[in-house]
Amino acid sequence: MEIITKPETETLFSNGINRIPVSFIREILKVTADPEMISFAGGLPNPALFPVEEIKNATIEILQKEGGNILQYAETEGFYPLREYIASRYQKRFNLEISPEEILITNGSQQALDLIGKVFLNPGDRVLLEKPSYLGAIQSFSFYQPEFLTIPMENDGPDMEKLNESLSLNCPKFFYCIPNFQNPSGITYSDSKRKRISETVIKNNLLLVEDDPYGEINFSGENLPPLKSQVGNRGILLGTFSKIVAPGLRLGWVVAEKSIIRQLVRAKQASDLHSNNLSQRVIYQYLLQHDLEDHLNKLRFNYEAQCTWMLSAIKKYFPKQISYTEPKGGMFIWGKLPKGYSAMDLANETIKEKVVFVPGNTFFVDGDGENTFRLNFSNTDKATIEKGIKIMGAILDRFLEGD
Ligand SMILES: Cc1ncc(COP(=O)(O)O)c(C=O)c1O
């Protein structure tokens, strides 16, 4: 009789799953469970600013009003009035005409990234990324086994020469970008770069995947128009309630032309049928009863104060060899050690003294960025920011001694 041996589990895993880089940030978040640890690592919004009472009241009201209906299965596309609300905000903010049918509600914009990978990518397809780029997007796309091509970032957006060069040599499926207060670099595209990129997208018939979780956390309150308003159907725009209301609700959205939405809906049905119906109804109730603009002004005011505080602590305590961005929005400051130094080695030192941040090479797909690091300022109060940056400064003095 033939004996069938069971294969080692390792051999059963798919090629795709083995391609997903493990998130150093998620790993580091485990370290931050230590209450004494000062964390500048995660991209977490400030929980003190979550509208807890308002969400509680909205939940009670909607459950009282609708009863079991809202605990039922629901449409894959998402709650229609919520999609109408999102469309009307684009109209109000940018005069951008979008119909609710061009919007799909997702389980955070993270799910949108995965669905885009599912809908567009075959193994070996090329994807253009900013260098550095958002780790969660690198993870999502990696499962579908594309080849990543990267475009270096300048202070006002991607290097256009490199973008054009890459487009002339390759035929990427899409360009994934984060034009406002990029995660991780904090960079925002200038008006002229927005215009040039839009022209390039149209000329090359390129598909643009524009991820915009931070555009509304602009300290000045100014609206930064999405590239989608210039590239029309060549653009897929992602939004989320994570940074502007609360990430635990897990609600984001995709804006795209209807034929793309249809495919994304198909992919979403295969993934999770629909996003959490209770969350959608609660947030809609909350938005009906409150002016989101008031809440956003509160966020902007507080995040600007936290950012300013971190920048002045950096000025005070970091050695002058460290360069860093001075963002006007979002949640991150991006720093650079002199060439040849490793931010991972630095993190190993700071963790010993209970301060943690993210070494920047996590955000590069080509092994670069060893001397870069990301600091989050939104989830730490002023006194803790001062304390943590002071500790980092003292470690940096030792670390760079003799340089
Ligand atoms: C650039 C970017 N895209 C997408 C996400 C995912 O956000 P969520 O799934 O919470 O909407 C994040 C979260 O940090 C992000 O920084």
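User: What are the ground rules for the numbering and the local features?
Analyst: Residues are numbered from 1 along each chain as its sequence is written. In this predicted model, local features need pLDDT of at least 70 and side-chain atom pairs count only at pLDDT 80 or more, while totals for chains, interfaces and linings use all residues.

User: How do you know whether the radius of gyration agrees with a compact globule?
Analyst: The radius is taken over C-alpha atoms, and the globule rule is 2.2 Å times the number of residues to the power 0.38. For 403 residues a compact globule would have a radius near 22 Å; the chain has 22 Å, so the two agree.

User: What makes a residue buried, and how much of the chain is buried?
Analyst: A buried residue has 20 or more other C-beta atoms within 10 Å of its own, with C-beta atoms placed from the backbone. Buried residues make up 43% of the 403 residues.

User: Why is a set of residues called a nonpolar core?
Analyst: The name is used because its members are buried Ala, Val, Leu, Ile, Met, Phe, Trp, Tyr and Cys residues joined through C-beta atoms within 7 Å. The largest such core has 63 residues, and Y176, L208, V254 and I283 have the most contacts inside it. This core draws at least three residues from each of domain 1 (9-50 + 294-399) and domain 2 (53-289), with bounds from an automatic or database domain assignment. A second, separate core of 30 residues includes L346, A347, F373 and I385.

User: Which residues come nearest to the ligand?
Analyst: Among the 14 residues around the ligand (C-beta atom, placed from the backbone, within 6 Å), they are G108, Q110, N183, T240 and S242.

Note on methods: Buried ≥ 20, exposed ≤ 12 C-beta atoms within 10 Å, placed from the backbone.
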